[in-house]
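Here is a structure to look over.

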Amino acid sequence: MLKDTLTRTRAARPLVHCITNFVTANDCANLLLACGASPIMADDPLEAAEITAACQALVLNLGTPSPRRLEAMLAAGREANRLGHPIVFDPVGVGSSGFRMEAASALLSELRLCIIRANAGEIHSLCCGAAGTRGVDTDAEASVAESRALARETDAVVVCTGETDIVTDGQTAFRVYGGHPMTRLITGAGCQTSALAGAFAAANPPLEAALGAACAMKRCAQIAHARLGPQEGSASLRSYLIDAVCLLRPQDLKDVRYDIL
Amino acid sequence: MLKDTLTRTRAARPLVHCITNFVTANDCANLLLACGASPIMADDPLEAAEITAACQALVLNLGTPSPRRLEAMLAAGREANRLGHPIVFDPVGVGSSGFRMEAASALLSELRLCIIRANAGEIHSLCCGAAGTRGVDTDAEASVAESRALARETDAVVVCTGETDIVTDGQTAFRVYGGHPMTRLITGAGCQTSALAGAFAAANPPLEAALGAACAMKRCAQIAHARLGPQEGSASLRSYLIDAVCLLRPQDLKDVRYDIL
Amino acid sequence: MLKDTLTRTRAARPLVHCITNFVTANDCANLLLACGASPIMADDPLEAAEITAACQALVLNLGTPSPRRLEAMLAAGREANRLGHPIVFDPVGVGSSGFRMEAASALLSELRLCIIRANAGEIHSLCCGAAGTRGVDTDAEASVAESRALARETDAVVVCTGETDIVTDGQTAFRVYGGHPMTRLITGAGCQTSALAGAFAAANPPLEAALGAACAMKRCAQIAHARLGPQEGSASLRSYLIDAVCLLRPQDLKDVRYDIL
């Protein structure tokens, strides 16, 4: 049952190590606390592996990348693989520079990932090695095919978030409905979904974790948007999204509609 | 017409590359999304120029500086100049250390800037090479003269924000009224104005962009302050400011009073 | 009188230099502004000592540590000691890596600290050199003893925050009541207390500063929690906490109960 994914996550109270960008780190940390997990942000190679060893999941986020942070990601990732901890990878803006493409390639080739959470353009970039710029008018069917292909190639569950979310392990594929387009006006809504997937992956099998996290964010975006008053805009939505995760009950996940593709 | 500056910015949906401090990066990103632009934060020399090339404006913010970030600013700035993209420079705390003074000098001498957004003390430091400490009781007339001089020297539009804002290209000078002194209790209100100026500069001539961004922030600060209830303080104001940008209509800019000096 | 600690802090309007993690830097800056102080965040060795010299207090926070930031902490710390400025040290997650333990040791041995603000696990780690993991079911009596011991060893006032706070200079010890357990769902509530202690230490003797800051945060957490409506969770609490600091009146500190142990 989908609602059990949240129940298990809350019961496990996982420590989640995030090596993440400085733009949305605060939101990711607050999101993790809101869902019942605890964040540890640590991005120096000197301590990355040791911190990971004490955690139950690892989230690698490619925003504001640097050689130092990439080195920390690889060190932490190898340790997580050695210990069997799930790794969530968020290839933020991967198509926007050669450095991000190379960093993603290094992470994909050196690490066994549990979940890859990205938007359609980023998944296109990972699949095709090409820049997935904002201008690309992503074809919804192409995204399903690319998400499946990426999942098969990497043996990870792929979560492609957008107007609807695709969640697939390469075989089974789900389409998740809900959410609200206004979440695009919040920086880091995607990063937060990846962080949440990390928490869920610490307490659930990969496909259930990914589906549970995607459904939770879709539902919380609806709850948050429904709270908005006439003078309230994107900053209020940002707070309400984390509030919604904080107050989310397992049974609320039943309200999320998803199809098997 | 001033209101057209916002209309054009929203229509252009510019990608704005910010090389900025880690304290207010999240607010700047959310501000840019709220105004209809999209932020890309990337501060490593390995990708800075490439990221800039895919954007329509560049914002260089001197907060929490480091040699690495300065190198990225120079690389991105040269690329922006080569491509004719507008650069906004925010010399945060420039008078507070020799390193910041040298970094600002390097940026001013190597790059053609479109807009410089600063407070009176920072503009004094840029003009006179002296520390502009908080204690300096800045003379309002002196600020106008220094803003004009800096604009002439750099060929950039200067926006000097404070109780009233000065916007000048060295010839024409405007004084913008409005805002609310309580915005001084929010970290990064200045950084956000600079980010907004970057978005406006991607879609408007420099002087109009600067004036439009200054007026927008003045108006939004008023709107935000007017929403404050009796138990609400600076954190609420911070959210309401971004909410106001999100909901700002072009015609709201007509309510901002400004004089030509 | 305890209420005078806030009055003096507001009157002094201290500049507080924070060398701090990128996760909660924005909250700490906004908290400092809310209490009447001004933050300067600067973490590069090239300018750290110079920035400190222009401030009235220094806050060293061990979150997201790096060799570069540690170097900046040592340089700034030596300058603060030379000038007699108070230093607040927050050993975030000190037990979670060898690097953090070594960094803390270096700071403790090279610098004279004014206040150490930490949780019980971190104080245990500093006292015993052992990892203070979340699992440790900290004994309340042990925390008092360890806080006293650490205060005596370092000649700093120790503030051990938790369900109740302990404030001690090694001789006198106070237990502060109040607050709300839900503040554990906000990242950086501890960091904010440390930043506040920095502001108070700029204007008050160490023990009074520490007790005043602890009482102020306890009271503000209560005020913030009391404002929460039925749909409001941890993100609202985070804003309300800073709002409460912004609106806190000196006489509100009289409502905080504390015992001498």
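Helix packing and a chain contact

The crossing of helix 6 of chain A and helix 7 of chain A is left-handed, meaning that the near helix is turned anticlockwise from the far one by less than a right angle. This is a predicted model, in which local features need pLDDT of at least 70, side-chain atom pairs count only at pLDDT 80 or more, and totals for chains, interfaces and linings use all residues. Residues are numbered from 1 along each chain as its sequence is written, chains are lettered from A and ligands numbered from 1 in the order in which they are written, and side-chain values use heavy atoms, with hydrogens and water left out.

Reader: At what angle do helix 6 and helix 7 of chain A pack?

Author: Helix 6 covers residues 120-128 of chain A and helix 7 covers residues 140-154; helices are DSSP runs (H or I, at least four residues) numbered from the N terminus. Axes are lines fitted to C-alpha atoms over the stretch in contact, and angles run from 0 to 180 degrees between N-to-C directions. The axes lie 9 Å apart, and the angle is about 50°.

Reader: What does that make helix 6 and helix 7 of chain A to each other?

Author: Angles under 35 degrees count as roughly parallel, over 145 as roughly antiparallel, 65 to 115 as roughly perpendicular and the rest as oblique. Helix 6 and helix 7 of chain A are therefore oblique.

Reader: Which side chains of chain C and chain B meet in a salt bridge at 3.7 Å?

Author: A salt bridge is a side-chain nitrogen of Lys or Arg within 4 Å of a carboxyl oxygen of Asp or Glu. The count between chain C and chain B is 2. One of them, at 3.7 Å from N to O, joins C:R227 and B:E232.

Technical notes
Helix = DSSP H or I, 4+ residues; strand = E, 2+ residues; numbered from the N terminus.
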